[in-house]
Structures are given as C-alpha cells and as structure tokens.
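User: Please go through this model with me, one point at a time.

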Amino acid sequence: MSTPLLEVTGLQKHFPITAGLLRRQVAAVRAVDGIDLTVNKGETLGLVGESGCGKSTAGRLITRILEPTGGTVTFDGQDITHIKRGPLRDLRRDVQMIFQDPYSSLNPRHTVGTIVSAPLQIQKIPTPQGLKKAVQELLELVGLNPEHYNRYPHEFSGGQRQRIGIARALALKPKMIVADEPVSALDVSIQAQVVNLLDDLQRELDLTYLFIAHDLSVVRHISDRVAVMYLGKVVEVAPRDDLYAHPRHPYTVALMSAVPVPDPSRRDKAQRERVLLTGDVPSPIDPPSGCRFRTRCWKAQDVCASEQPPLTVLADGHQVACHFPVSDEEQHAAGSGRSAAAAQARDKIATVVADPE
Amino acid sequence: MFAYVVRRLFNVVITLLVVTMVTFGVFFLVPKLTGSDPALLYVGKTADAAALDGIRTKLGLDDPIYVQYGKFLQGLVVGRDYDAGPDTTHCAAPCFGYSFKTDQEVWPYLIDRLPVTLSLALGAAILWVIGGVGAGVISALRKGRAADRIVMTTALAGVSLPIYFTGLVSAAIFCYWLGWLPPPGYVDFAVNPLEWATNLLLPWITLAFLFAATYARLTRANMLETLSEDYIRTARAKGLRERDVVGKHGLRSGLTPLITVFGLDLGSLLGGAILTETTFNLRGLGEATLTSIRQNDLPIILGVTLFAAFFIVIANLVVDLLYAAVDPRVRLS
Amino acid sequence: MVAATAALALSVTAACGGGGGTDSSNGGAKNAQNAALTGVLNASDKKGGTLELWSSQDVDSLDPARGYYAFVWNLNRLYTRTLVAYDAKPGADGMKLVPDLAGAEGVLSNDGKTYTYTLRDGLKFDDGTPITSKDVKYGIERIFAQDVVPGGPVYLMEQLDQGQKYEGPYKDSDPNKLGLKSVLTPDDKTIVFNLAAPYADFPYLLAMPGAGPVPVARDTGAQYGSKPAASGPYKIESYEPGKIIKWTRNEFWDATTDPLRKALPDAINMTITTNADDMDQRLMAGTADLDAAQTGVQAAARTKILQDETLKANSDTPTTGFIRYAAMSTAVAPFDNIDCRKAVILASDPTSLQTARGGPVAGGDIGVNMLPPNIPGSEPAYDPYGRAQGKPQVDAAKAALAACGKPEGFSTVIAVRNNKPAEVKTAEALQAALKAVNIDAKIDQIDGAQASSLQGAPDNVHAKGYGLIISGWAADYPSGAGYLQPLVDSRYILKNGNFNFAEIKDPSIDALFDQAKTVDPAAAAALYTQINHKVMEGAYILPFVTDKALNYRNPRLTNVYIHQFWGMYDFQALGVSS
Amino acid sequence: MTTSVPVTELGPADLSPPKSFLEVRDLRVQFATDDGIVKSVDGVSFGLERGKTLGIVGESGSGKSVTSLAILGLHRTRSNAKVSGEIWLDGEELIKADNERVRRLRGRKMSMIFQDPLSAMHPYFTIGQQIVEAYRIHHGGSKKAAKQKAIDMLARVGIPQPSRRVDDYPHQFSGGMRQRAMIAMSLINNPELLIADEPTTALDVTVQAQILDLIRDLQEEFGSAVIMITHDLGVVAELADDILVMYGGKAIERGPAEAVFRTPEHPYTWGLLGSMPRLDREVRDRLNPIKGTPPSLINLPSGCSFHPRCPYAGRNGDRSFTERPELTGTTHAVACHMPPELRREIFIQEVSPNL
C-alpha cells in the first residue's frame with residue numbers, strides 16, 4: 001500500500017499571456033504553481049478544490065496531456081516529466097484518464113466498439129480472443145450490455161456514456177486512472193452507480209486512482225487520502241477520515257462547512273457554524289504574495305503576506321501549508337452564536353465590504 | 001488594440017506578398033515548364049526569332065524569376081520606368097506593372113474599373129442584406145408556416161440558379177420584352193446618378209438574389225438558434241414584450257455571425273463579380289479578371305489578384321474589428 | 001489574317017422579342033438575304049448621324065502597325081490611309097488596289113525591283129500638318145521595332161530589311177529617324193522602295209494599315225495606339241479599352257483628296273460588350289447597327305434570324321476568307337506516306353465536319369481545296385478527292401491504307417486548340433469518321449493561347465506525335481502567296497509560330513512561289529492554281545470548310561455592301577438613315 | 001424557522017377558490033415532438049404561502065424546470081407546449097389569462113433565477129443595461145433613476161463597487177458575482193414569487209453557500225414566496241420549508257421538509273437519499289444507488305412510472321405495473337401503492353440503517 005506509484009514534486013504549469021506588437025510574454029496564468037503529491041499503489045487520492053484551483057490542469061500534467069513548465073513527475077520510478085512521443089505512448093498504457101463530460105469526450109460518429117477498441121489498435125495490443133470479444137468483455141466489466149457493441153454514443157444515457165469512457169480507459173489494463181470530475185455531470189442516482197463501479201473496478205483490477213472532483217462528499221466516499229488545492233497550490237493533504245474530521249487549513253475548514261447538509265433539522269446549527277468566505281478567488285495571473293489564501297482568511301497575519309507557508313507535516317500526520325493551522329478547539333468551539341472561526345470570518349467580511357480593495 | 005491592428009496590417013502585407021509570389025510563380029513558371037513562351041503572346045503570328053528576342057529583353061523575360069519579381073516589387077513601392085519606344089514612360093508607385101497586351105499601366109486600368117465593381121457590389125450588398133435578413137427573420141419567426149416555406153423555397157431557387165441564367169432571363173424580360181429598364185450597362189454616377197441606378201438595378205437585383213438566398217437561410221438558422229438561447233428566455237422572464245425580445249435581444253446576437261459572412265462576401269465581390277459583370281456588360285474588376293486570364297495578360301492578372309486579395313484580407317480585418325465592437329466578449333490580441 | 005474569333009461564348013438562350021425589320025430605304029439593291037454580297041444596298045450620300053458599331057471583342061490595337069485582327073484592319077480604313085488601298089466596291093472589284101494617298105499607281109522600274117509612288121496634294125493629318133512621304137516611311141520603319149510595337153504583320157520588314165538589321169526608329173541613329181536604307185524619300189511627295197528582288201505582291205503589303213503614315217512628332221511608341229494620328233476622314237476621339245471607341249470627323253480630311261471614302265456619319269462608336277447574346281438582341285432591336293467583329297451571330301439569334309423572313313432579309317452570309325482544315329504532319333509517321341494521308345482525306349466525313357463548324361449557313365461550304373474563293377487563282381470546283389458530294393469514301397480510304405502498308409489502320413494524335421469550341425467539335429467528327437477505317441485518333445486539346453508554341457513548334461509536334469493539326473487560316477493579302485505561302489512553303493517552317501504544320505518540303509512548290517513574285521498578277525494567279533493542285537495532290541492538308549458567317553445588319557444602314565477582301569461590310573462606306 | 005403551515009391539500013377535482021398565495025392545480029405540460037407526445041408535467045398540484053420556500057427536487061427530465069416555466073407562462077411564446085390545469089397567483093388564474101396580462105406579471109410579481117447565469121444573461125449588454133431594462137419594463141421612469149436603482153440592488157446582493165461594476169459585461173464577472181447580478185435582476189421589482197431554478201448548480205461550494213445565504217436573507221427582507229428547484233437534496237434541506245419530489249413528470253412525494261428527510265416514504269426518495277454520500281454520516285462501504293435509468297417521457301412505464309427501478313414493485317400484486325398511484329396523504333403525501341404502514345416499516349428496517 002505504501003509504495004509510491006506516482007510522485008509529483010514542485011509541479012508547475014504556467015500559461016503565458018502575450019501582449020503588445022511583438023507578442024512578448026507579459027505575464028502567465030499560474031494554473032499549477034508548484035505542487036507535491038504522492039499516490040501510492042492501489043490507493044485513491046482525492047484531489048479537491050474549487051473551479052480554477054488548478055486540479056484539472058494537474059491531472060492533465062500527470063497524464064502528460066500537457067507538458068509541465070517545471071517540477072518533476074515520476075511514475076513507477078520513471079521520470080515522465082518531459083518524455084517524448086514514443087515513451088509517452090508507452091505511458092498511455094499505464095496511465096489513463098476519464099473525463100467529466102461523457103457527451104463531448106466520445107466521438108458521435110464512432111460506434112462503441114470502435115471507441116473502446118481504439119486504444120488497443122493504436123497501441124497494437126494483441127487480443128488473443130479477438131478484438132470484438134475483448135471489447136465485449138470490457139463492456140461487460142463496466143456493466144454495459146456487450147451486444148451494444150455496434151451502437152453509437154447518442155443511443156446511451158449519460159451514465160452509460162460515462163461507463164463507455166471507463167471501458168475505454170480500462171482497455172489497456174492501466175495501473176493508474178486519473179478521473180477528472182467523472183460523476184459531476186450525472187444525476188444523483190446515476191452518480192452513485194458510477195462511484196460504485198469505480199470502487200468495484202479498483203478492487204478487481206488493483207487500480208490506483210487520482211480522483212479529481214469538487215464534490216467533497218463524493219471525494220470523501222471514494223478516497224483513501226485527500227489533497228485540497230487552492231489557487232494552484234496544495235494546501236492540505238491527509239488521510240480521508242483525518243481530513244474530514246479535523247481539517248487544519250482554514251480553507252479546508254471553510255470548504256467543509258460550506259457543504260449543505262441534507263438534514264433540515266440541523267440546518268440552523270450548520271448555518272451558525274458555517275464559515276462564509278467572502279469575495280472571489282484571486283486571479284492566478286497575479287496571485288497574492290505569501291500565503292495565497294490570506295486575502296480571504298480570517299486568521300491571516302502579517303507573516304502570511306510575506307512568507308509562503310510550506311507544506312509541512314504536523315504532529316497528527318496532516319500535511320498543511322499554513323502558518324496558523326486550525327486547532328480542534330477552534331473548530332469545535334461550541335457556542336450559542338457562531339463558532340470562533342465563523343465569528344472571525346464575519347468580522348473579516350465586514351472589513352472587506354467596507355474596504356473593497 | 002493598436003498593436004493588434006498594426007500586427008494585423010503587417011500580416012496583410014505578408015499575405016499580399018505571398019499572393020504576388022504565388023501568382024507570379026504560376027504565370028511565369030508554368031509556361032517555362034510547359035515549354036511555351038510568354039513572349040509569343042505579345043507578338044504577331046509571323047514574328048521572327050529576332051523579334052521574339054527583342055520582346056523578351058524588353059519585358060525582362062530573360063531575367064531570372066527573382067529578378068523579375070524584384071522589379072515588380074520595386075515598381076509597387078517606388079514605381080518603375082518602361083521603355084515605350086521614343087522615350088520611357090514612368091509608371092508611378094504603386095506601379096502594378098504595365099500591360100503590354102493593352103498598352104496600359106495596370107493601376108489606372110484597375111482604378112478605372114473599381115467604381116463599377118464598387119457600385120455593383122455595394123448596391124447589391126445593401127439589397128441582399130435587407131432582403132435576405134428580412135426574409136430570414138420572417139422565416140424564423142414563422143417557422144414551419146407558409147411564409148417560412150415560401151421564403152425557404154425561394155432561397156433554394158436563389159442558391160441553385162446560376163447568375164448568368166437569372167441574369168439573362170431577367171434582362172430578356174425587363175429590358176427587351178417589357179422595356180421597363182434600359183439594357184444593362186454602366187453609367188458613371190457622376191455623369192448621371194439616375195441612369196447609374198436604373199442601369200445597375202437589374203445587376204443589383206440579380207446578384208442580390210443569389211446572396212440574399214444564402215443570407216435568408218443563414219439568418220433563419222441563426223435566429224432560431226438565438227431564440228432558443230437561455231438569455232432570450234431570461235428576457236421573456238423579465239416581462240419584455242415579444243417584439244423587444246426578438247428585436248433587441250434576438251437580432252443583435254442572431255445577426256452577429258452574419259458579419260463574418262458578409263465581410264468575406266463583400267470582400268471577395270469587391271475583387272470582382274465575374275459572372276455578373278460579364279452577363280451585364282459591366283467593365284469591372286471581375287470582367288478584367290476574365291479578360292486578362294483569357295489573354296494571359298500577366299500584369300493585369302497580377303493586379304486583379306492583388307486587388308482581390310487585398311479586399312479579402314482587409315475585409316477579414318474589418319470583420320474582426322467589427323466583431324470585437326459588437327461582441328464585448330471578443331478581445332483582440 | 002488569323003483574326004478575331006468568337007469571344008466568350010455565353011451560349012445561353014435569351015429569347016425575347018426584338019424589333020422586327022422596318023421598312024428599308026430606297027435606292028440600290030432590294031433588301032434580301034445576301035443582297036449586300038453583290039450590290040450596294042440603300043445606296044445613299046446622305047451625311048450625318050452616328051454609326052453604332054458593337055463588338056463582343058475588343059480591338060487588338062488601334063496602332064496601325066500593331067493591329068492584326070481582320071475587323072481592325074477594316075476599322076483602320078476610317079482613320080488610316082495607305083499609299084494604295086482596296087477599292088470601295090462590292091464583289092470582285094473590291095479586290096483591286098487603287099491609289100489612296102498616292103495619286104497614281106506605283107511606277108515599277110529597275111526590272112520590277114523599284115516601286116515609286118507620288119503623294120497627292122493637300123493631304124493632312126488631323127492636326128493640320130501635311131502628310132509627307134517621310135511620314136509614310138517613318139510609319140513603315142516602326143514595323144521594324146518589334147520589341148516596342150509588336151503584334152502586326154512583318155512582311156514589309158522581310159522585304160525591306162535586306163541585311164541592314166534595321167532595329168526600328170527608336171534605336172535609329174539617324175537624326176530624322178529615317179535610317180532605313182531601302183526606302184528613299186527624295187522629296188516630301190515621293191517615296192521610293194528598292195526591293196532586293198522583284199515581288200509582284202508588294203503593293204498588297206503597302207495596303208496594310210502598318211504602311212500608313214505616322215508623324216514622328218506624334219509617335220508615342222507603345223502608347224501610340226491610344227491616340228494614333230488620323231489620315232482618314234475620322235479621328236479617334238477616345239478609346240477606353242474594353243469599353244468603347246469613339247470616332248469623330250477629322251476636319252482636316254479633304255474629300256477631294258480621297259476618291260475612296262464616303263465619310264457619311266458624323267460620328268462612329270464601337271461599343272465593346274461582354275455579352276454577345278445581348279449584342280444580338282440589340283442588333284435585332286435596332287439599337288445597334290452592326291457587329292464590328294463580323295464573326296456571325298450567336299446560336300440563339302441565328303435560329304431566330306433564319307426562321308423570321310423579315311430578320312433574314314437583313315442578314316448576309318459572306319465567306320470570310322478562312323479555310324478550316326487539318327494539316328497532316330509529314331514528319332510524324334505514318335503521315336510521311338502519302339497514301340496514309342490520302343486515307344485520312346478519303347475517310348473523313350465532309351458533312352459531319354461541316355456540321356461541326358455550324359452547318360452550311362453559319363459554318364460554310366464543304367472545303368474541297370486550299371485556295372479560298374476571294375484569292376485570284378482559286379477554283380471552287382476543283383475537288384480532287386470528291387468531297388463535295390458530302391459522304392466519306394470508306395472503300396477508297398481502305399484501299400489507300402492498304403497502299404500505305406497499314407491495312408489494319410494505325411493510331412495517331414489530333415492536336416486541337418481548346419479555346420475554339422468549333423475546332424474541338426471538328427476534331428471529334430474527324431475522330432469518329434476515322435474510326436470507320438480503323439484509324440484510332442486520340443484528341444489532345446492544347447492551350448489555345450499557347451498554340452504557336454505547341455502546334456507551331458515542329459519539335460513539340462514531333463515529340464507529342466501530333467499527326468493531325470487542326471487550324472484555320474485566312475489571307476493577309478489577296479494573293480496566292482498571301483494565303484498559301486506560310487502554309488506550304490518549306491522556307492516558312494519556323495521553330496516557333498510555324499504554320500506549315502505539314503512541314504511540306506517540296507522544292508517545286510517553293511520555286512513556283514519565287515516565280516509568281518516576278519510576274520504580273522494574272523500570270524501569278526495561274527501559278528498559285530498550280531501550287532494549290534500540288535498541295536492537294538500531295539494530300540498534305542484536309543480542308544474542312546470555306547468559312548461563312550451569318551451577320552445581321554440594321555436596316556437603317558445605308559450604302560451597305562460586303563467587301564470581298566474582308567468578307568465583311570465595308571465600314572468606311574456605311575451611313576445611317578435615321 | 002419551523003414548518004408550521006402545512007402544504008395546502010389540493011386534488012385535481014378541487015374547485016374551491018384558492019386559499020394560498022400560489023396554487024397550482026393539476027398542471028399538465030405536453031410537447032408534441034416528432035417521436036410522440038412528451039408529457040413533461042403530468043398532473044402536478046401544490047400550494048405555497050408568502051414568505052415560505054418550496055423545494056422541488058428531481059433528476060433531469062423529472063419535469064421540475066418545466067413546471068416553473070409554466071408558472072411564469074414561458075411556454076406561451078414560440079413553443080409547441082400545451083399547458084392545462086390552473087395556476088392561481090394571489091387570487092388570479094394565469095393559464096387562462098391573456099398573454100399581455102401574464103407578461104405584466106412576469107418579472108414584476110413573479111420572477112426567476114436561472115441555473116447558468118453566464119448563458120442566461122445577454123452577452124452583448126452590460127449587467128446594468130439588463131437590470132435597468134428589467135426595471136423600466138414595469139416601472140418606466142428615467143434610465144438614470146433606474147440605473148441608480150440597479151446599483152443599489154447590486155450593492156444589496158453583495159457586489160463590491162457596484163457603481164463601477166454596473167457597466168461591466170456578464171463575462172467580466174466571476175460565476176458567483178454573475179449569479180448575484182442575476183438575483184439582483186430578478187429582485188429589482190420586488191417580486192412576490194421568486195422561482196430559483198438550480199441557482200447554485202453551476203457554482204462552487206463556497207460560493208453556493210454565499211448565494212444560499214443571500215437568498216435566505218433576501219427572502220426574510222422581502223417576504224417573497226420562493227420555489228427552489230434543484231437536484232441537490234443538501235440545497236433543499238438548507239432552504240425549503242416544504243418539499244415536492246418529482247419523478248417522470250409527476251409529484252411522488254410532498255410534505256414538510258423535516259418529514260420528507262426524516263421519514264421519507266417513497267422508494268424513489270429513499271433511493272435518492274441512499275445514492276448520495278453525506279458528510280454528516282460515517283463513510284459507507286458502498287452507496288445504494290437506484291438501479292436503471294430515469295424513464296423516457298415519451299414512453300413512460302405503465303402503472304407507477306418508477307416501478308422498473310423500484311425494488312418493492314412486486315409487493316402489491318401487479319398494481320405497480322398497471323395502476324398509476326395517486327398522491328395521497330394530508331401534510332405528508334406519497335404516491336405509492338404500498339400501504340403507509342408497510343412503507344414506514346421498510347424504511348425503518350431496511351432503508352434507514354443504510355443511509
């Protein structure tokens with residue numbers, strides 16, 4: 001369980017912004033700005049964060065759909081940061097990706113058989129039982145009717161399409177799957193089916209997952225460990241239960257408390273305890289100095305503006321990038337009004353509204 | 001924005017350079033490869049070898065192609081001199097060259113023809129935009145009903161019928177049979193604006209019919225798409241009157257894509273409407289294109305090609321600028 | 001003259017009503033089809049009005065030295081006078097040269113090698129300056145400047161250079177630019193031509209527009225065509241290429257110095273249109289007077305004219321002087337064998353070839369030999385291969401093939417210009433007829449604009465194996481030499497621009513041409529008859545048709561007649577009645 | 001905030017005058033398509049009081065959005081929809097009212113917030129222009145005054161520097177700010193009924209919390225009736241007083257929010273709750289999804305349209321397959337053939353332990 005299959009250190013992706021007559025680069029979108037991650041063999045690492053935090057870009061860097069600007073990606077002991085086409089094709093056998101939108105990621109003019117068999121044909125993988133049989137086995141594996149081999153994507157529902165995408169990803173028997181928001185476009189009842197399928201497949205095929213999503217509940221359900229990203233940085237990594245029970249980074253705290261609880265009887269309490277963040281995520285073109293969350297953080301002090309907090313391991317095993325991690329006491333500080341954190345957050349809002357910049 | 005325009009203009013120049021190079025290459029290299037001799041085009045049928053040599057020297061045909069091309073470019077920028085016999089004639093910049101076939105400088109020749117094409121294209125453009133967009137909007141609003149079917153059937157006819165057919169039939173009917181219009185021809189606007197208009201009426205209508213058909217179909221499709229947009233639903237949900245929903249919210253975005261098509265259509269028409277011009281005996285750039293190609297008159301071919309390319313790249317640029325002005329989401333960089 | 005042929009053939013039917021023929025004016029011949037072939041129709045001396053010529057083809061050049069189209073030479077008669085000119089009369093009389101600028105016919109001396117002409121008194125250009133013999137010489141010298149003013153015929157150059165390598169007046173070191181040694185102008189009224197050898201056809205060369213006077217002061221070289229000096233009754237008021245040419249009266253022209261020209265209209269316009277069908281509509285509607293190119297109306301109008309008696313009466317079908325033919329290259333096997341050539345002639349279907357050219361009315365008569373009817377010495381009845389009967393002679397052809405040693409037939413290539421639809425059709429008709437005798441002819445459609453370096457380059461012809469070369473030809477001057485010499489004289493085989501497609505190398509033919517130069521026209525005509533016979537006996541060329549064109553004339557025109565030399569109406573004679 | 005007022009009880013045959021602020025009776029919306037008639041909404045009834053929030057929950061194709069568009073009368077123009085039933089708003093019947101009357105109510109008395117504010121706002125007009133337009137349709141007045149009103153409203157919904165941002169275009173706003181602007185636009189005329197159609201689905205969770213907070217505050221301030229349409233049970237749980245669960249165009253469970261969450265009675269509602277992982281529960285080994293896929297509205301299953309996916313479908317003989325269950329019950333109504341006792345027993349014994 002603890003052999004790292006994937007190791008990412010200092011991974012960066014900057015998209016240049018050009019301007020002026022000569023199209024000189026004047027700035028860069030720092031989509032991913034130095035992240036460290038480890039995914040162990042057979043585990044699921046959940047990568048959460050809000051839109052624009054860089055989690056999808058990170059996924060594309062790891063699968064080498066994009067070329068990193070900096071840092072290293074090591075997969076199965078091999079440095080794949082800048083590998084070229086040939087070895088990249090070999091990498092594709094081991095690392096596959098599942099995408100969010102089951103509509104746009106399947107070519108509408110190809111049959112399911114063609115779509116699922118494409119990786120086999122591109123990689124020239126021998127299929128002793130015959131290509132068609134191999135594809136039908138894959139379809140069965142993901143819970144689709146093998147007789148639907150000759151149908152087109154539009155004849156399937158959203159959940160079934162996502163299953164097709166999964167079958168395609170599994171065709172090459174990869175070691176690792178990077179799933180980028182694989183269930184967020186699906187209806188709740190279907191979402192659960194796909195989550196269960198991914199669970200089952202992991203068990204049966206000994207897969208390693210990097211599960212990228214914004215839905216904290218789903219991530220919690222499926223992951224062994226969870227990494228939280230904010231504005232191109234990983235702010236906290238911890239085993240699932242630790243993270244959800246004892247979030248240490250103020251952003252993680254806010255994120256958790258924002259999730260609506262499907263229990264009307266608890267909503268008043270939840271609302272009282274909720275840490276409401278104000279304003280928007282700053283631009284990744286010109287991120288705040290020091291700690292990137294400081295502009296929205298109720299615990300921010302001067303040092304947060306001057307010094308970037310490194311991702312350090314706390315006593316309880318959390319990796320947190322924060323100068324002032326939230327303690328359990330703070331978090332559970334019960335009270336008639338809002339919690340300490342929430343109260344501090346409230347004050348912060350007041351200042352923000354009064355002084356917008 | 002300024003940098004963008006400068007950069008685009010620079011691209012325009014590059015594009016035009018490439019166009020001249022290709023045209024130049026085609027019309028100078030191809031005869032060499034097929035073993036024919038452009039000099040022969042300039043001489044009488046019984047000219048002897050010495051005369052041919054003389055022509056070659058005079059036209060510079062014995063120079064390497066890059067020298068010839070260099071001279072052409074030099075003419076464009078600073079003008080060049082031509083040996084006209086008793087003395088030399090100076091072809092002032094922009095010198096597009098000198099047609100030995102017709103003994104004229106290309107630039108004035110084309111400039112002379114420009115008003116014809118300009119009148120034809122702009123007049124027709126106004127007609128087809130009004131007619132095509134109007135018909136398309138009606139068609140979209142009456143989707144599936146009689147008006148829609150009539151418009152779309154007419155549009156199909158417009159798209160399918162070649163201009164020399166509609167042109168000759170309409171000329172036969174209106175000019176010769178009914179006698180309502182003068183026989184086609186061109187009268188300069190400055191000479192007689194009324195005759196200018198009545199003479200061009202038929203070509204305008206014929207040309208506009210062809211384009212209006214396309215525009216009606218495009219407009220219909222765009223309008224239908226726009227009317228199903230979420231923001232149209234929002235406009236209705238605000239309590240807006242339907243005519244404002246269509247007129248203010250629908251048209252603006254429904255017609256924006258037409259800018260591109262319109263710009264390119266007008267741009268290429270300004271380079272000459274070959275069929276319309278020949279059918280209606282209009283001496284515009286299109287007719288010049290046809291004549292020069294038939295006569296293998298390279299300098300004029302080069303000239304009209306450059307003109308046409310110029311209009312198209314400029315139209316492209318204008319379209320992009322216009323688009324940015326209309327659609328605030330578009331940023332130029 | 002290889003002259004104007006059909007412009008853009010927009011052969012789309014645009015049938016609609018046009019004005020019918022109105023009442024014809026009195027005088028002269030009665031109005032009927034082809035009435036203008038033999039007599040003067042609507043003879044009149046009434047001046048005034050504007051003659052509205054139209055054309056679907058622009059002039060090649062208005063510079064007298066540079067025009068080569070037949071109708072442009074005809075137009076030149078409006079503004080360019082020459083020492084001698086074709087008489088202004090219908091029928092065979094028009095083929096005679098009469099003095100024009102010269103007061104009398106040239107005086108021949110020095111064993112037929114020296115021609116001396118004396119100019120009339122009172123000749124003036126349109127700016128009032130007198131026309132002198134030096135202007136005539138200068139005009140002729142311009143022909144030598146083929147690098148500046150190319151395009152026209154160069155016969156005079158060939159006769160007058162005589163080894164001097166004269167490069168034209170623009171490179172002439174003579175201060176007066178009159179450095180051509182073979183032409184002398186002892187005074188302002190006399191001009192003397194010294195030929196190297198007797199040349200009976202020389203006056204014909206002097207009747208070409210290029211031999212007209214050009215005042216050195218007004219010569220603008222390459223641009224001269226835009227505003228040439230006028231010696232005739234009209235001057236060019238304006239010329240907008242591709243649009244319109246306007247002539248107005250030259251007030252310095254004196255009718256008393258010009259016995260040929262009538263100069264009836266006050267102005268003449270030639271409007272150039274891109275739409276030949278539209279032009280036909282205008283002709284029949286009476287808003288245009290004449291198609292200046294005179295190549296015949298379009299198919300739509302042709303049908304209409306032939307079906308409507310009134311319209312038909314306003315039309316003529318003159319022979320144009322063209323013969324359409326296929327030459328057989330003696331350098332390409334098996335046409336080096338005369339019997340194989342004969343086989344082709346015999347196997348061809350005269351009627352289908354005629355139909356391909358447009359039928360008996362618009363196309364022409366079945367061609368039987370190689371001298372057109374307007375050339376002295378022609379024998380319209382001379383039909384050595386029995387083509388006039390109209391049918392292919394398959395048996396005779398097979399016999400010829402057997403004699404040639406190819407009883408099983410052979411294969412060859414037909415080279416045809418792709419921009420001449422009628423020629424392509426004749427190629428197809430010929431191909432079909434040859435198939436009947438197992439001659440397999442492949443058609444190669446060559447770029448018409450490059451014909452002179454594709455058909456006209458023997459090297460290319462040999463390389464491509466062009467056995468049959470389809471073309472057409474009309475005379476630059478009405479003599480057997482003017483018509484036949486470029487086609488059959490071995491000395492006219494050129495590396496480029498060759499018209500002796502058959503590459504005929506028959507010393508007896510060459511000798512007959514030389515002999516004809518030295519004798520009087522009547523004797524020469526007999527020699528050309530002989531040449532014609534030799535060419536036909538040698539089976540070098542298969543004539544398709546002697547060309548005709550169906551032309552429509554506005555009934556308001558006066559003084560109308562077909563001039564036999566051009567096979568067109570004599571433009572300078574025309575007047576308008578209303 | 002407890003649910004004191006019960007959901008008004010109304011059957012399709014009820015002809016009594018409306019008692020609630022909004023009453024929808026036997027609403028049916030059908031679309032004629034090439035493939036057949038799509039019954040998007042098939043006999044839905046509910047009521048809503050001022051100051052209260054109704055959450056309509058369902059998956060895609062359940063008919064929840066179509067219902068809201070029908071209330072606003074947005075099926076009237078350029079649509080092949082056939083709408084029948086009754087919609088009473090403040091004592092006025094809307095389905096039979098003429099177009100002009102409904103138009104005047106739209107955006108004024110009743111307004112709507114859409115799911116995706118980027119596509120729901122016109123890309124070519126500034127935020128200000130669009131809000132000003134919404135105001136001036138119903139109030140007229142000068143543009144300047146309307147703009148000031150728009151700025152005030154933008155400030156009210158928490159947009160910083162509103163006087164500057166009023167001239168921005170929608171694409172220049174972030175997702176959350178755009179939804180705030182959308183809300184400002186729908187509230188500019190103080191509507192008495194606000195329909196929010198998936199207002200936070202396109203937003204991030206922290207922004208969602210902000211927007212829900214905002215809607216709640218504004219409702220308190222303006223006292224509007226709110227219909228919250230969503231597929232997210234968490235969101236309804238946060239806001240709704242009453243809940244209507246829709247499936248295949250029909251209402252299958254309706255009741256006070258607490259009741260529906262604590263003691264849900266319809267197998268579909270169980271399935272929904274079982275499908276979602278919850279942060280407020282221990283992590284389960286497996287989720288309990290509903291088998292199969294939502295039905296096609298053209299070809300609805302016979303009888304109870306949920307029966308192909310229902311694990312208990314066979315328990316009533318063949319009634320589930322042949323007979324359409326009516327929505328029965330008082331405050332907490334359910335459309336299911338199983339007797340209420342059995343449903344409660346199953347829930348307590350089989351379903352609840354796995355949630």
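This is a predicted model: local features need pLDDT of at least 70, side-chain atom pairs count only at pLDDT 80 or more; totals for chains, interfaces and linings use all residues.

User: Is Thr82(C) buried or exposed?
Analyst: Thr82(C) sits in the loop between helix H2 (70-79) and strand E2 (84-86) of chain C. The cut-off for buried is under 20% relative accessible area. Thr82(C) has 4% relative accessibility, so the residue counts as buried.

User: Which residue's backbone oxygen does the side chain of Thr82(C) reach?
Analyst: Leaving aside neighbours within four places in sequence, Thr82(C) is in contact with several residues, among them Asp100(C), Leu206(C) and Gly212(C). The backbone oxygen that its side chain reaches, at 2.6 Å, belongs to Val84(C).

User: What area is buried between chain D and chain B?
Analyst: The contact takes 25 residues from chain D and 23 residues from chain B. On the side of chain D, Arg78(D), Tyr124(D) and Glu133(D) supply 30% of the area buried against chain B, more than any other three residues. Carbon and sulfur atoms give 58% of the total between the two chains, which is about 2,500 Å².

User: Which residue of chain B forms a salt bridge with Glu133(D)?
Analyst: Two salt bridges are counted between chain D and chain B. In the one formed by Glu133(D), the closest N and O atoms are 2.9 Å apart, and the partner is Lys238(B).

User: Which element gives the largest share of the side of chain D that touches chain B?
Analyst: The elements that give two or more residues to this side include helix H1 (64-72), helix H4 (127-139) and helix H7 (175-187) of chain D. The largest share is five residues, and it comes from H4(D).

Conventions: Residues are numbered from 1 along each chain as its sequence is written. Chains are lettered from A and ligands numbered from 1 in the order in which they are written. Side-chain values use heavy atoms; hydrogens and water are left out. Helices (H or I, at least four residues) and strands (E, at least two) are DSSP runs, numbered from the N terminus. Buried means under 20% relative accessible area, exposed over 50%, partly exposed in between (1.4 Å probe, protein chains only). A polar contact is a pair of N or O atoms within 3.5 Å; within protein, one must be able to donate a hydrogen and the other to accept it, and residues adjacent in sequence count only if both atoms are side-chain atoms. Contact means heavy atoms within 4.5 Å. Buried area is the accessible area (1.4 Å probe) that two parts lose on being put together, summed over both. A salt bridge is a side-chain nitrogen of Lys or Arg within 4 Å of a carboxyl oxygen of Asp or Glu.
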